[in-house]
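Hi everyone, thanks for coming. Let me put a structure on the screen and walk you through it.

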Amino acid sequence: MKKRMLCMAAIAAAFLCFGSDANAQKTIKLFNGKDLSNWNFVVDKNSVPAEQVYSVGDGVIKIKGQPFGYMYTKEKYDNYKLHVEWRWPNGDQGANSGIFLLIAEPKNPFPNGIECNLMLGSAGDFVLLGGSDLAQYQGKPGEPRPGFPVVKKNAPSSEKPAGEWNEANIYVKDGKINVYINGVYQNTGWNKQKDGYIGLQSEGKEVEFRNVTLTPW
């Protein structure tokens, strides 16, 4: 009996290892740590070459913040967990950026898509860009729709001080978006758009990104 139990335990352990390997194989590195070959670029009014705004150094993506714009994946994705780490390397004054989700149409300087805001103090807010929409957005009766409608996050800020690395884990399934900032649940939104490009924004202040990965689910 003891021998049989040991055998069953070994088989179970093998399945666990196989499952872990299988999950690891599914994870896609959207940023390879070396260059930005997997990305396209938008710069407001095409005022400067993209390489002056978006670059790689010390294994991280460096985005200047000026001019405005964004970099976005060359492929569209649906049904995934997105993991992104970011920090403000030069202090927090004017710190602003965002993660763009379900981009239906890249435009200059803002796409049609949903922004998970990373602005200091507001990480986890949704900003509706370029005519995109979420079921959770409720406009005020009698007032015109604002240019950038916002769906506020649910919990107090869970961000770390400027200079420290933050984590966003974003789950997208059939147009439903759930956002966690540093492990804290912050927001949920329902979008009719089921797939799209993923983007990282240049907006106001230098920001760095690393460990940008996508796991299909």
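Let's begin with an open sheet of seven strands, in the order 2-5-14-7-8-9-10, with antiparallel pairing. At its edges sit strand 2 (39-43) and strand 10 (150-151), each of which pairs on one side only. When I say strand, I mean a DSSP run of E with at least two residues, and a helix is a run of H or I with at least four, both numbered from the N terminus. Two strands pair if DSSP finds at least two bridges between them.

Before we go on, a word on what you are looking at. This is a predicted model, in which local features need pLDDT of at least 70 and side-chain atom pairs count only at pLDDT 80 or more, while totals for chains, interfaces and linings use all residues. Residues are numbered from 1 along each chain as its sequence is written, and side-chain values use heavy atoms, with hydrogens and water left out.

How confident is the predictor? pLDDT is its confidence in each residue, from 0 to 100. The chain has a mean pLDDT of 89, with 88% of its residues at 70 or more. A contact here means heavy atoms within 4.5 Å. Where pLDDT is low, the predicted coordinates should not be read in detail.

Now the whole chain. Its secondary structure comes to one helix and 15 strands. Of the 217 residues, 43% are buried; buried means under 20% relative accessible area, exposed means over 50%, and partly exposed is in between, using a 1.4 Å probe and protein chains only. Among contacts between residues at least 6 apart in sequence, 66% join residues at least 24 apart.

Back to the sheet, and to strand 7. How many of its eight residues are buried? Six of the eight, in residues 98-105, so strand 7 is largely enclosed by the rest of the structure. Five bridges join strand 7 to strand 8 (residues 112-117), and the two run antiparallel. They form a hairpin with six residues between them, and Glu 105 has Asn 112 as its bridge partner in strand 8. Strand 7 is also joined to strand 14 (residues 197-202) by three bridges, again antiparallel. There, Phe 100 has Gly 199 as its bridge partner. Moving along, four bridges link strand 8 to the antiparallel strand 9 (residues 126-129), where Cys 116 stands opposite Phe 126.

What about the cores? A nonpolar core is a set of buried Ala, Val, Leu, Ile, Met, Phe, Trp, Tyr and Cys residues joined through side-chain atoms within 4.5 Å. The largest has 41 residues, and Ile 99, Leu 200 and Phe 209 touch the most other members. A second, separate core of eight residues includes Val 42, Tyr 72, Phe 100 and Val 127.

Rings of Phe, Tyr and Trp (its six-membered ring) pair if their centres lie within 6.5 Å; planes under 30 degrees apart count as stacked, over 60 as edge-to-face and the rest as tilted. The structure holds eight aromatic pairs. One of them is Tyr 171 with Tyr 180, edge-to-face, at 5.8 Å centre to centre and 85° between the planes. Tyr 171 counts as partly exposed because its relative accessibility is 28%, and Tyr 180 does so at 30%.

Terms used
pLDDT = per-residue confidence, 0-100.
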